[in-house]
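Welcome! Look it over, then work through each solution step by step.

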Amino acid sequence: MKKKDQLISALAKELKLRKDEFKNTTIETIYFGGGTPSVLSVEELQYLIDAVYLNYKVTDHPEITLEANPDDLNKAQIIKLSKSPINRLSIGIQSFFEKDLKLMNRAHNATEAKLCLELATQYFDNISLDLIYGIPNSTNAEWLQNIQTALSFGVPHISSYALTVEPKTALASFIKKGIIDNVDDDLAHDQFHILIEQLEQAGFDHYELSNFGKKGYYSKNNSAYWLGKTYIGIGPSAHSFNGETRAWNVKNNSVYINKIEAGELPIEIEKLTKNDKYNEYVMTGLRTIWGVSLEKVEIQFGKAFLEYLLQQANQYINKQLLYIDDNNLKTTKKGKFLCDGIASDLFKII
């Protein structure tokens with residue numbers, strides 16, 4: 001408990017130490033994510049929100065999101081959160097099938113997932129849920145059922161990701177031992193396109209590779225990241241970006257707390273080169289509904305960069321994986337699943 005209190009105090013102090021970074025910027029979104037921020041009490045969350053308001057200029061109606069897992073959200077907690085400034089929940093459902101949740105080593109079960117959404121939708125209008133596709137031994141019929149179950153709760157935003165196998169996890173060990181099948185790229189590809197078809201039919205916009213929202217419910221936090229806006233990440237391992245530099249805090253909690261208590265920022269900073277900024281813009285832009293503005297590339301990076309981009313993109317335009325619409329380079333439906341790989345071929349490498 002002492003460590004938790006120290007960490008919360010350090011988070012508030014880091015906000016104060018870094019306020020000059022945002023002195024000319026108005027805060028539009030506050031996001032409690034990474035790990036499980038829902039282990040914080042509503043009072044502790046309020047303390048950190050107050051620290052933001054104390055040190056920064058905040059817009060009248062900011063989007064304030066809390067990431068949570070179904071096992072963290074009981075009825076009493078949801079009601080308390082609904083009375084706080086938090087106005088958006090991002091819930092890590094992942095799947096409504098017991099076998100999938102066990103395979104991914106999730107703490108909640110399918111019944112808790114459904115009950116959590118049933119309760120949350122009574123008290124929150126703005127809810128996002130996460131779903132994972134490409135799970136070994138899952139079928140397209142099961143994936144379709146997962147999507148339909150999610151839609152039945154009437155949530156206005158869904159984030160969905162392909163399963164990735166992290167090293168040194170139970171899942172990686174099971175795959176290595178042959179207990180379960182490895183991730184199948186063809187299965188993930190098929191399920192990605194089922195997802196797009198189903199959510200677009202249900203009135204969602206596919207505004208970013210992994211994000212689907214109804215009009216008025218695009219995540220302001222996600223959109224800020226994909227549109228290259230400035231953001232500050234507070235706490236151990238948190239990343240920040242201001243258009244010129246990328247920065248990240250030390251991972252170790254004790255080191256982080258000790259540095260902050262001494263009035264020092266435990267941060268490493270990388271200055272971005274012109275190539276870095278171009279590559280970052282291409283990568284993020286291609287993932288979105290807005291695409292890569294050819295005009296912006298020419299203005300910000302110069303004619304040589306624009307010519308290089310168009311030359312590299314040409315092969316993908318011919319394969320109908322990219323197209324140009326209103327002077328913006330975008331992925332086609334066929335190209336969406338491959339967009340990270342395509343982007344890497346458009347990068348400018350020294």
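**Exercise 1. In which helix does Glu98 lie?** Then describe its surroundings.

Before starting, note that this is a predicted model, in which local features need pLDDT of at least 70 and side-chain atom pairs count only at pLDDT 80 or more, while totals for chains, interfaces and linings use all residues. Residues are numbered from 1 along each chain as its sequence is written, and side-chain values use heavy atoms, with hydrogens and water left out.

Step 1. Glu98 lies in helix α4. Helices here are DSSP runs of H or I with at least four residues, strands are runs of E with at least two, and both are numbered from the N terminus.

Step 2. Glu98 has 32% relative accessibility, so it counts as partly exposed. The scale runs from buried (under 20% relative accessible area) through partly exposed to exposed (over 50%), using a 1.4 Å probe and protein chains only.

Step 3. Leaving aside neighbours within four places in sequence, Glu98 is in contact with Asn109 and Ala110; contact means heavy atoms within 4.5 Å.

Step 4. Follow the chain for 44 residues from Glu98 and you reach Glu142, with 12 Å between the two C-alpha atoms.

**Exercise 2. Check the span of helix α6 and find its buried side.**

Step 1. The expected span is 1.5 Å times one less than the number of residues. Helix α6 (residues 140–152) has 13 residues and should therefore span 18 Å, which agrees with the 18 Å between its end C-alpha atoms.

Step 2. Glu142, Trp143, Asn146, Ile147, Thr149 and Ala150 are buried in α6. They cover an arc of only 160° around the axis, so they sit on the same side of α6; the arc is taken from the directions from the helix axis to the C-beta atoms.

Step 3. The face turned away from that buried side carries the exposed residues Ala141 and Ser152.

Step 4. Among the elements covering the buried residues of α6 are α5 (110–123), β4 (126–133) and α8 (185–201).

Step 5. Just after α6, Gly154 takes a positive phi of about 75°.

**Exercise 3. Work out the order of the strands in the open sheet.**

Step 1. Strands of a sheet pair through backbone hydrogen bonds, either parallel or antiparallel. Two strands count as paired if DSSP finds at least two bridges between them.

Step 2. Three strands form the open sheet in the order β11-β13-β12, with antiparallel pairing. Its edge strands are β11 (292–293) and β12 (322–325), each pairing on one side only.

Step 3. Four bridges link β12 with β13 (residues 328–331), and Asp325 has Asn328 in β13 as its bridge partner.

**Exercise 4. Compare the confidence of the elements.**

Step 1. The chain has a mean pLDDT of 92, and 94% of its residues reach 70 or more. pLDDT is the predictor's confidence in each residue, from 0 to 100.
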